[in-house]
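Dear colleague,

I am handing over the structure that I have been looking at, together with some notes on what I found. Please read the notes with the structure open beside them.

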Amino acid sequence: MQGLGLAESDDDSLKALNIILEAWEDGTERGIAPEQMAYAALYTALTDLVAAFGEENVVTLVQGLVPRVRKGEFTLYQAPRQ
């Protein structure tokens, strides 16, 4: 997968996403399991957010993710139901 070509955008969020996607691609090409990269990315993100905003604000953020995950907002595909 080639980067999304978002680095040319003026939007820093899109630039950051493109950089992460390129690093993810590099990791998979080197044989790192996507689950391992996901845990590393979550750890890195959470430690940076705690440093910037404090534990309680990050707890609030994480708790807000629970209903979004349950609603399937982050589900890219559904397993067939049996």
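Which helix gives the most to the nonpolar patch? Helix 3 does, with four residues.

Before the details, please keep in mind that this is a predicted model, in which local features need pLDDT of at least 70 and side-chain atom pairs count only at pLDDT 80 or more, while totals for chains, interfaces and linings use all residues. Residues are numbered from 1 along each chain as its sequence is written, and side-chain values use heavy atoms, with hydrogens and water left out.

The chain has three helices and zero strands, where helices (H or I, at least four residues) and strands (E, at least two) are DSSP runs numbered from the N terminus. Of its 82 residues, 7% count as buried, a word that stands for under 20% relative accessible area, with exposed meaning over 50% and partly exposed in between (1.4 Å probe, protein chains only). The chain exposes about 7200 Å², and carbon and sulfur atoms supply 59% of this area, as computed by the Shrake-Rupley method with a 1.4 Å probe.

The nonpolar surface patch covers about 740 Å² and is made by Y39, L42, L46, L61, V62, L65, V69 and F74. Helix 2 (34-53) and helix 3 (55-70) each supply at least two residues of the patch.

The largest pocket holds about 550 Å³ of space. A pocket is an open set of points on a 1 Å grid, where a 1.4 Å probe fits, with protein on both sides within 12 Å along at least five of seven lines, and lining residues have an atom within 4 Å of a point. Fourteen residues line the largest pocket, with A38, A41, L42, A45 and L46 nearest its centre, and the largest share of the lining, eight residues, comes from helix 2. The lining divides into 14 nonpolar, no polar and no charged residues.

The second largest pocket, of about 190 Å³, is lined by L65, V69, E73, F74 and L76. L65 lies in helix 3 and counts as partly exposed because its relative accessibility is 30%.

Best wishes

Definitions and conventions
Patch = residues over 30% accessible without salt bridge, like charges linked within 9 Å, V, L, I, M, F, W, Y side chains within 5 Å. Salt bridge = Lys/Arg side-chain N within 4 Å of Asp/Glu carboxyl O. Points joined across faces, edges and corners; volume = space filled by probe spheres on them. Nonpolar A, V, L, I, M, F, W, Y, C, P; charged D, E, K, R; others polar.
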